[in-house]
Amino acid sequence: MYLHNTATRHKDEFTPQNSQNVTMYCCGPTVYNFAHIGNLRTYIFEDLLARTIRLRHPLTHVMNVTDVGHLVSDADDGEDKMELGAAREGKSAWDIAKFYEEKFWADYDALHCTRPTVVSRATQHIKEMIALVKTLEDKGYTYRTSDGIYYDTSKFDRYDALVGHARISGLQGGARVEMSDEKRNPTDFALWKFSPKDKKRQMEWDSPWGVGFPGWHIECSAMAMKYLGHTLDIHCGGIDHVTIHHTNEIAQSEAATGQKYVNYWVHGEFLILRSGKMSKSGGTFVTVDVLKEKGYDPLAYRYLCLSAHYRTQLEFSYESMDSAAKSLKNLRALAVQAKQAAAAQETEKSKAWKEKFTAAMEDDLNAPKALALVWEAVRSAELSAAEKVDFLTFADSILALDLFKEEAAPKADIPAQVQALLDARAAARKAKEWKKSDELRDEIARAGYLVKDTPQGQQVEKK
């Protein structure tokens, strides 16, 4: 298997430290708001990677949940995103974290991403973070300012290893990081922040340096090394994490342990709009729920992501979603047709197609090539229906597109006003508004239709 390694800047053959336990850490969500589909593109590529690794090796996949400590600025100032979310919605920071984490996992599942082996929440690992900061302090890498304990990047001679000297040199005061009077170097970052003296935070803890909360970067290092050891096989995330977050992870982890932190750094590119990067702060973001409201199967978005390599920018539009939805529908129809014709049967032919598919995925996750092979197989006169089903079952274990899902039959001829009531009732049931759901059922009955709830959803028939 080959992966493009951000640290070496080229595609390297993947050799795990232990073939019986590959270790992979992925930066997870900051749960102060909904995840947009740009965020979720990263988790789709990480899921492809996890599924591909598991073709040959057992995998321990750890993902963090940032529920404290992620400030709105890369300069270690501004409000904590969790406290900001709490103020925005008039709830506690703990309630905000619980609500948005649950919503994240619902979206994650809808996209058929495989749950991590370990989910590590920052608020449950404060003692590990404090211990790591203390180790860095004992080794002389820290200094104190009026607002926290900082890491002195000038004392770590490999600080530019991940991104190169030129980019680190470009991080001058006023760029992505601001130079405060107390910081020794523009790239220095907070390991532990002190709580403000003029107000009480909802999330704060005692520490050897005073009451406060962890810096964002220390969280990932502490949790990754707790579960995966000092040296990880793979560390994933979005391309936006390279310059600051992952560079800082390397600095603090390797300074603390004296060992290499990560062997393979793998990063996914942005999903973009014509107007630029999708972002929460700019209000330009689309969620899975928005896609559902517009009638799209979430797996049509997964299909769209598979159509582009994870290291290339992907432009989102509803035209491209329409095309992906149509392609997925057609692909499923051909897969179902093959399944109905014959049961799966592995032969030398289908085995050869599996090998070609695996080779594509093990070549730096070349999902577009793998997807093209699936299309080629379903249209092939060379393969019998049984061979197609065998190959497609294997391919779908990686692509996770529900290839054998049969499209629902067209709806009965229902008047528009009754359909509107049915849609409103479905929304009420989703929101667990049971009283409203019952009232709408009665209204539908008065209009001359009976509605039944089934595992596949509402079914309606004329009285």
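**Briefing: aromatic pairs, strands and a helix**

At 37% relative accessibility, F99 counts as partly exposed. The model that shows this is predicted. F99 forms an aromatic pair with Y100, and a search of the whole structure finds 20 such pairs.

**Aromatic pairs and a cluster**

- The pair of F99 and Y100 is edge-to-face. The ring centres are 4.9 Å apart, with 85 degrees between the planes.
- Y100 is buried, at a relative accessible area of 5%. F99, at 37%, is partly exposed.
- W192 and W209 make a tilted pair.
- W192 has a relative accessible area of 0% and is buried. W209 is buried too, at 7%.
- Y43, F104, W105 and Y108 form one aromatic cluster.

**Lysines over rings**

- K294 lies over the face of Y318, 4.9 Å from the ring centre.
- K356 places its charged end over the ring of W353. The distance to the ring centre is 3.9 Å.

**Strand β8 and its partners**

- Six of the six residues of β8 are buried, so the strand is largely enclosed by the rest of the structure.
- β7 (residues 148-151) pairs with β8 in the antiparallel sense, over four bridges. G148 has K193 of β8 as its bridge partner.
- β9 also runs antiparallel to β8, and three bridges join them. Here W192 stands opposite P214 of β9.
- In a regular strand, side chains alternate between the two faces of the sheet.

**A three-strand open sheet**

- Three strands form an open sheet in the order β13-β12-β14. The pairing is mixed.
- Which strands stand at the edges of this sheet? They are β13 (276-277) and β14 (314-315). Each has a single partner strand, so one side of each is left without a neighbour in the sheet.
- β12 (residues 271-273) and β13 pair in the antiparallel sense over two bridges. I272 stands opposite K277 in β13.

**Helix α2**

- α2 spans residues 81-89. Its residues K81, M82, E83, G85 and A86 are buried.
- What covers the buried residues of α2 includes α3 (93-110).
- D80 caps the N-terminal end of α2. A side-chain oxygen of D80 lies 2.8 Å from the backbone nitrogen of M82.
- G90 follows α2. Its phi is positive, near 70 degrees.
- An α-helix has 3.6 residues a turn, so residues three or four places apart point the same way.

**Two loop residues**

- T66 is found in the loop between β4 (59-65) and α2. With a relative accessible area of 1%, T66 is buried.
- Leaving aside neighbours within four places in sequence, T66 is in contact with P29, T30, V31, M82, A122, W216 and E219. One of these, M82, belongs to the buried residues of α2.
- P196 is found in the loop between β8 (189-194) and β9 (212-214). Buried or partly exposed? P196 is partly exposed, with a relative accessible area of 33%.
- The C-alpha atoms of P196 and D147 are separated by 8.0 Å. The two residues are 49 apart along the chain.

**Cysteines**

- How many disulfides are there? The count comes to zero.
- C26 has its closest cysteine sulfur in C236.
- C27 has its closest cysteine sulfur in C220, at 4.0 Å. That is also too far for a bond.
- C26 is buried at 0% relative accessibility. C27 is buried at 6%.

Notes
Residues numbered from 1 in each chain as written. Predicted model: local features only at pLDDT ≥ 70, side-chain atom pairs only at ≥ 80, totals over all residues. Heavy atoms only, no water. Buried < 20%, exposed > 50% of the residue type's maximum accessible area, 1.4 Å probe, protein only. Contact = heavy atoms within 4.5 Å. Polar contact = N/O pair within 3.5 Å; in protein donor to acceptor, adjacent residues only side chain to side chain. Pairing = 2+ DSSP bridges. Phe/Tyr/Trp six-rings, centres within 6.5 Å; stacked < 30°, edge-to-face > 60°. Lys NZ or Arg CZ within 6 Å of the ring centre and 35° of its normal. Disulfide = S-S within 2.5 Å.
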